[in-house]
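These are my notebook entries on what I looked up in this structure, kept in the order in which I worked.

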Amino acid sequence: MTGEISKAAAIVGAAEANQIGFLEEPVTSLQLHIEAIKNLSVQTGVPIRSIEGVFSTGWSSELCEHLGIQPKYIDTTAVGGCSFEMHVHHAMCAIHAGIIESALISHGENGFSARRIGGRGGGNYGRGGGISSPGMEMSMAYGLGGAPSNYAHAMRRYMHDFGTTTEDFAHIAKVTRDWATLNPRAAMYSKEKHPFGGPITVQQVEESRMIAWPMTILHCCMVADHGGAVLIASPKFAAGLDTKPVWIAGAGESMGHSNMLEMEDFTKTSAHLSADAAYTMAGLGPADMEMAQIYDSFTITVAITAEMLGLAPRGEGHTLWKDGRAAPGGKLPINTNGGGLSFNHSGMYGMPLLIEAYRQLSGTAEDGVNGDAGKQTSARTCVVNGTGGSLSTTGTLVLVADD
Amino acid sequence: MAYNKPIPSPGTHTRPFWDGAKEGKLMLPRCKDCMKVHWYPRFICPFCESMNLEWIEASGEGTVHTYAVQHLAYGPWAEEAPYVTAYIDLAEGDRMLTVLRGVDASKPEEIQIGAKVKVEFDEASDDVNIPFWRVVEE
């Protein structure tokens, strides 16, 4: 599919909650949603109650009630961290169909605060189980816990198939941290901000605490508090705003499996399918991309995804970081905010990908969010990819700056 | 010692698997039309969409597809950490998850992808035996 749907909608604003990161005073997920939405409304000048479509991972009816929105279009897609890229895809389709002119996509997840007050992000991806899910029935006896416990199997198999080492992947963590040290909003910005913050070396990644061999803790993203929201609008609606549009040139989504038992090739995800759809819609290819924002739940995730997006040959995803192309000053900046590894990751990371892509392509990265400026790159095109579940679901966007 | 780990509740269509396990047999679902074995158990063949399924007794043999060593574990499993988890390629086809036995979790580099494994069963409760896989000599 190509042609007229490309650029049928734009991201016209992107905002975050007042405070994000490892918050001292616990917050609820709803508070993170609402702060981000209010900040988005102030930024764009669009009154909250005038927004026509509401998209979130299961929160939409609660948000509409809380905010007094009477929506014309409701979406609650919750398939893990890539849900937000899919929300953009769905909102674009609804706008292209002429059903709505504006759409709110909202995220609030108190991943860190939940340890003290309970909560988290909603959506129940992978939480099936018991008598209704034979996949869960046949997995639950075997001592798997959080996401790292499963992703480590993919990293081991990848190392076997391609001869890569943990050191190869450690470069990803190191370079991504380098980006975080340029972004005061990043949880790992500095030692002053977090005891484990500031620059790290490849050796430190290698020698940090083992979580699930072959992954040490510095191969894993954090679990912090994050709220964010973006506004999607038709070209006509966008033209009436003071904020810059970032055009949705292409969008695609797919999935390979839900339960990792069904992941046939542990070194591939469905991102090659969602990316094909997005590139085709955009009429652009990987060589046209000047930047990438890629869900880095673990170093292995972003290495595989870079390959699936056509940014590197198979087995060589990690070289983008190792040879500095993805680093600050490199030819293909990746995860310029510091990623889920070092910026923020609340459990689902799809929203920070959108926010950073918008800030970079609208030229507002250094304008500051809540007073903190970030690092601006010169990129005019960006491929964004979210991954959900256990390397399961994927959503890809091709975004381009306004002329 | 009584089994203290999570025990699955048998579903409505998986009873033959658990009945077999109770007798020390590994039962696998197979499609009577395309004759392919699949795992986990389905209501419909994931390969050919047939609903004409049967259960067969498997050889209980397979190989290690990939593995990981769990250092961060929860609940009763935390007491056993570090331990090795693995996805097993079944001799009859498709793949099963296990906690892998017969390996040293402190020497993960020595575990071989492709190593031969055999199934064994733990008596978890009066009703449920749980299959686990063990690396065996060539």
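I began with helix 2 (residues 60-67) of chain A, which lies across strand 2 (53-55), strand 3 and strand 4 (102-110) of chain A and runs at about 130° to strand 2 of chain A. For terms, I took helices (H or I, at least four residues) and strands (E, at least two) as DSSP runs numbered from the N terminus, and I took axes as lines fitted to C-alpha atoms, for helices over the stretch in contact, with angles from 0 to 180 degrees between N-to-C directions. Two residues are in contact if their C-beta atoms, placed from the backbone, lie within 7 Å.

I noted the source before going further: this is a predicted model, in which local features need pLDDT of at least 70, side-chain atom pairs count only at pLDDT 80 or more, and totals for chains, interfaces and linings use all residues. Residues are numbered from 1 along each chain as its sequence is written, while chains are lettered from A and ligands numbered from 1 in the order in which they are written.

**Sheet of chain A**

I then looked up the sheet, an open one of nine strands in the order 3-2-4-7-1-8-11-10-9 (chain A), with mixed pairing. Its edge strands are strand 3 (73-75) and strand 9 (292-294) of chain A, each of which pairs on one side only, and the twist averages 20° from one strand to the next. Two strands pair if DSSP finds at least two bridges between them.

I followed strand 8 (residues 246-255) of chain A next, where eight of the 10 residues are buried; a residue is buried if 20 or more other C-beta atoms lie within 10 Å of its own, exposed if 12 or fewer, and partly exposed in between, with C-beta atoms placed from the backbone. Strand 8 of chain A pairs in the antiparallel sense with strand 1 (residues 10-16) of chain A over two bridges, and also in the antiparallel sense with strand 11 (residues 393-401) of chain A over nine bridges. I found Trp247(A) to be the bridge partner of Ala10(A), and Val400(A) in strand 11 of chain A to be the bridge partner of Trp247(A). Helix 10 (residues 271-282) of chain A lies across strand 8, strand 10 and strand 11 of chain A, at about 150° to strand 8 of chain A.

I asked which residues touch the most other members of the largest nonpolar core. In this core of 158 residues they are Ile232(A), Ile248(A), Leu354(A) and Leu399(A); a nonpolar core is a set of buried Ala, Val, Leu, Ile, Met, Phe, Trp, Tyr and Cys residues joined through C-beta atoms within 7 Å. Leaving aside neighbours within four places in sequence, Leu354(A) is in contact with residues including Ile11(A), Phe84(A) and Val384(A).

I also checked Ala357(A), which has its place in helix 14 (residues 350-361) of chain A and counts as buried because 26 other C-beta atoms lie within 10 Å. Not counting residues up to four places away in sequence, Ala357(A) touches Gln293(A), Cys382(A), Val384(A) and Leu399(A).

**The two chains**

For chain A I recorded 14 helices and 11 strands, with 63% of the 403 residues counted as buried. For chain B I recorded one helix and seven strands, running α-β-β-β-β-β-β-β from the N terminus on, with buried residues making up 33% of its 138 residues.

Where the chains meet, the contact takes 26 residues from chain A and 31 residues from chain B. On the side of chain A that touches chain B, helix 6 (147-162) is among the elements that give two or more residues, and helix 6 of chain A supplies the largest share, seven residues. I also noted that strand 5 of chain A and strand 3 (residues 61-70) of chain B pair in the antiparallel sense over two bridges, and that Trp213(A) stands opposite Val69(B).
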